Amino acid sequence: MGVPEAEKEKIFEYRVDGGGGLGLFLVREILSITGMTIQETGRPGEGARFEIHVPPDGYRLI
């Protein structure tokens, strides 16, 4: 049903106590190596939406 505003950054955290997942943490870390970013931009009650920003020099068309 979406991610509450106060939780949007927390879903990307890795916590040793098991309170957070590893998946989105790893996604953000791997994307950051290539200069890309990810954020959750959905609206609570409407669903989650993840946007990945790729810098202009971060892709090529073949």
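Let's start with Phe12, which is buried, at a relative accessible area of 4%. Buried here means under 20% relative accessible area, exposed means over 50%, and partly exposed is in between, using a 1.4 Å probe and protein chains only. Keep in mind that this is a predicted model, where local features need pLDDT of at least 70, side-chain atom pairs count only at pLDDT 80 or more, and totals for chains, interfaces and linings use all residues. Residues are numbered from 1 along each chain as its sequence is written, and side-chain values use heavy atoms, with hydrogens and water left out.

So what sits over the ring of Phe12? That's the charged end of Arg28, 4.0 Å from the ring centre. To count, NZ of Lys or CZ of Arg has to be within 6 Å of the ring centre and within 35 degrees of the ring normal.

Now for ring pairs. Rings of Phe, Tyr and Trp (its six-membered ring) pair if their centres lie within 6.5 Å; planes under 30 degrees apart are stacked, over 60 edge-to-face, and the rest tilted. How many aromatic pairs does that rule give? Two. Phe50 is partly exposed, at 38% relative accessibility.

Then there's Tyr14 with Phe25, a tilted pair: 5.7 Å centre to centre, 35 degrees between the planes. Tyr14 is partly exposed at 45% relative accessibility, and Phe25 is partly exposed at 25%.
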